[in-house]
Amino acid sequence: MKDSAIKSLTWLPPAPGFLKLNTDGAWKGIDKAGGGGVLRKENGDWFLGYSSKYNAKTPLAAELLALREGLSVAKTFDIDKLEVETDADSLIFMLDTSTVNPYPHHELVAVIEEVRGMLKGNWQLEFRHIPRFKNLVAHGLAAIAMDMAMGHKSHFDPPAKVMGDYENDKASVVAVRGMLREENDN
């Protein structure tokens, strides 16, 4: 019962000592594309968010660019333990580093290889797919990007547009901690 209750929560905190990066791309056309992401601490507190406008040809390109940007931000802040979550399961498959290059002629091959290179390195990295309902803050940040004229915006605090989803995620952290405390007490 407890495991299913935890899985139904909107956002789960990262393991102790890790930060969590949630990313999302949004696309309605090459001139209406963007991405967003948020880095959060293990207690759910906001570390840094971003929204960026892209000229992306496909929805997958927007997802990939949002991920690349999030990894770049993490490297800039010397984050060495990172959990990454995205609702784009095809992206995870494409970035599998166990194969040399399964997409040598893909239109995004240069960005795919750049991101695959970023996944390697001197850090502990956990990468997973999550359903959209667990990625609403990143989705909201990507929506902000689509309305931008151009460029990039760093969010040092949660923007009003994602505040409700962020507060729901923070409540999930409190619920998880309560369940774990109750389990330890028994």
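Author: A charge sits over a ring if NZ of Lys or CZ of Arg is within 6 Å of the ring centre and within 35 degrees of the ring normal. The model discussed here is predicted.

Reader: Over the ring of which residue does the charged end of Lys75 sit?

Author: For a Lys, the atom that counts is NZ, and the limit to the ring centre is 6 Å. The charged end of Lys75 lies 4.4 Å from the centre of the ring in question. That ring belongs to Trp123.

Reader: How far is the charged end of Arg40 from the centre of the ring of Trp11?

Author: For an Arg, CZ is the atom used. The charged end of Arg40 sits over the ring of Trp11, and its distance from the ring centre is 4.2 Å.

Reader: In what order do the elements of the protein run from the N terminus on?

Author: The protein has six helices and six strands. Read from the N terminus on, their order is α-β-β-β-α-β-α-α-β-α-β-α.

Reader: What share of the contacts with a separation of 6 or more comes from residues 24 or more positions apart?

Author: The protein has 186 residues, and 46% of them count as buried. Among its contacts with a separation of 6 or more, the share from residues 24 or more positions apart is 71%.

Reader: How many aromatic pairs are there?

Author: Rings of Phe, Tyr and Trp pair if their centres lie within 6.5 Å. By this rule the count is two.

Reader: Why is the pair of Trp46 and Tyr166 edge-to-face?

Author: Planes over 60 degrees apart count as edge-to-face. The ring centres of Trp46 and Tyr166 are 5.4 Å apart. Trp46 is in strand 3 and Tyr166 in helix 6, 120 residues apart. The pair is edge-to-face because the planes stand at 90°.

Reader: Is Trp46 buried or exposed?

Author: Buried means under 20% relative accessible area. The value for Trp46 is 9%, so Trp46 is buried.

Reader: What angle lies between the planes of Phe47 and Phe77?

Author: Phe47 is in strand 3, and Phe77 is in the loop between helix 2 and strand 4, 30 residues apart. Their rings form an edge-to-face pair, 5.3 Å centre to centre. The angle between the planes is 80°.

Reader: How does Phe77 count at 42% relative accessibility?

Author: The class between buried, under 20%, and exposed, over 50%, is partly exposed. Phe47, at 28%, counts as partly exposed. At 42%, Phe77 counts as partly exposed.

Methods: Residues numbered from 1 in each chain as written. Predicted model: local features only at pLDDT ≥ 70, side-chain atom pairs only at ≥ 80, totals over all residues. Heavy atoms only, no water. Helix = DSSP H or I, 4+ residues; strand = E, 2+ residues; numbered from the N terminus. Buried < 20%, exposed > 50% of the residue type's maximum accessible area, 1.4 Å probe, protein only. Contact = heavy atoms within 4.5 Å. Phe/Tyr/Trp six-rings, centres within 6.5 Å; stacked < 30°, edge-to-face > 60°.
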